[in-house]
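Colleague: Hey, can you walk me through this one? I'm still new to reading structures.

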Amino acid sequence: MFNKIMLAIDGSEHAKRAADSAIDLMKELSNATITLFHVASKAPSRAKLIHSNFDVQAILKEEAHHILHSVEKKFKNAQVEYLFEVALGEAPDEIVERAHKGNFDLIIIGSRGLNSLGEMLLGSVSHQVAHDAHCPVMIVK
């Protein structure tokens, strides 16, 4: 049924609940793989770019690991293996594009997330992903 799952996460409480649902699902699916996917909305500072020899992916992953520490800890404690990917851009566009290119069977996403100012959005990202994705989308409240 679902062999390749994407969990789109941003560090919000809704994303943490989506992670719990993803872990429960992964325990039921013996051959499935899951990718934790985080989209950064702003580019790294020039100082960070210079310090990392312009390795943007390394900076984005480091910042994402810091933001998503509690979600990664949930997966490790549940002994659920995962892959981790990051992108830079508009969250709905990046999630849909990566899911399509990666042939994901399911996207799991929180119903509301954080915008760049840390304010709650009214579910616009999850709504757009559900509308534009090529595969089923599980939206977790």
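This is a predicted model: local features need pLDDT of at least 70, side-chain atom pairs count only at pLDDT 80 or more; totals for chains, interfaces and linings use all residues.

Colleague: OK, and how many bridges join β4 to β5?

Modeller: Four bridges, and the two strands run parallel.

Colleague: What about β1 and β4, over how many bridges do they pair?

Modeller: Four bridges there too: β1, residues 4-8, pairs with β4, residues 106-110, in the parallel sense. One place to look is I5, whose bridge partner in β4 is L106.

Colleague: So what order do the strands take in the sheet?

Modeller: Read across, the order is β3-β2-β1-β4-β5. That makes an open sheet of five strands with parallel pairing.

Colleague: Which ones are the edge strands?

Modeller: β3 (83-88) and β5 (137-140), since each of them pairs on one side only. From one strand to the next, the twist averages 25 degrees.

Colleague: And which strands does helix α1 touch?

Modeller: α1, residues 13-28, packs on the sheet and touches β1, β2 (33-40), β4 and β5. Its direction makes about 145 degrees with that of β4.

Colleague: Where does α3 lie?

Modeller: Helix α3 covers residues 56-67 and lies across β2 and β3. Compared with β3, α3 runs at about 115 degrees.

Colleague: Which residues sit on which side of β4?

Modeller: L106, I108 and G110 are on one side, with I107 and I109 on the other. They are all buried, and both faces of β4 are covered.

Colleague: Let's zoom out. How many helices and strands does the protein have?

Modeller: Six helices and five strands. Starting at the N terminus, the elements go β-α-β-α-α-α-β-α-β-α-β. The radius of gyration is 15 Å, close to the 14 Å that the globule rule gives for 141 residues, so the protein is as compact as a globular protein of that length.

Colleague: What does the C-alpha trace span?

Modeller: About 45 × 30 × 30 Å along the principal axes of the protein.

Colleague: And how much of it counts as buried?

Modeller: 40% of the 141 residues.

Colleague: What about contacts between residues at least 24 apart?

Modeller: If you take contacts between residues at least 6 apart in sequence, 76% of them join residues at least 24 apart.

Colleague: New topic: helix α4. Which of its residues are buried?

Modeller: V71, E72 and F75, in a helix that takes in residues 69-77. Looking down the axis of α4, those buried residues fall within an arc of 100 degrees, so they line one face of the helix.

Colleague: What's on the face turned away from the buried side?

Modeller: The exposed residues H69, K76 and N77.

Colleague: And what covers the buried residues?

Modeller: The cover of α4's buried residues includes β1, α1, β2, α3 and β3.

Colleague: What is the phi of N103?

Modeller: Near 55 degrees, again a positive value in a residue other than glycine. N103 is in the loop between α5 (91-101) and β4. With 56% relative accessibility, N103 counts as exposed.

Colleague: Last one: where is Q57, and how far is it from K4?

Modeller: Q57 has its place in helix α3. At 39% relative accessibility, Q57 counts as partly exposed. Q57 and K4 are 53 residues apart along the chain, and 23 Å separates their C-alpha atoms.

Conventions
Residues are numbered from 1 along each chain as its sequence is written. Side-chain values use heavy atoms; hydrogens and water are left out. Two strands pair if DSSP finds at least two bridges between them. Axes are lines fitted to C-alpha atoms, for helices over the stretch in contact, and angles run from 0 to 180 degrees between N-to-C directions. Contact means heavy atoms within 4.5 Å. The radius of gyration is taken over C-alpha atoms; the globule rule is 2.2 Å times the number of residues to the power 0.38. Buried means under 20% relative accessible area, exposed over 50%, partly exposed in between (1.4 Å probe, protein chains only). The arc is that of the directions from the helix axis to the C-beta atoms.
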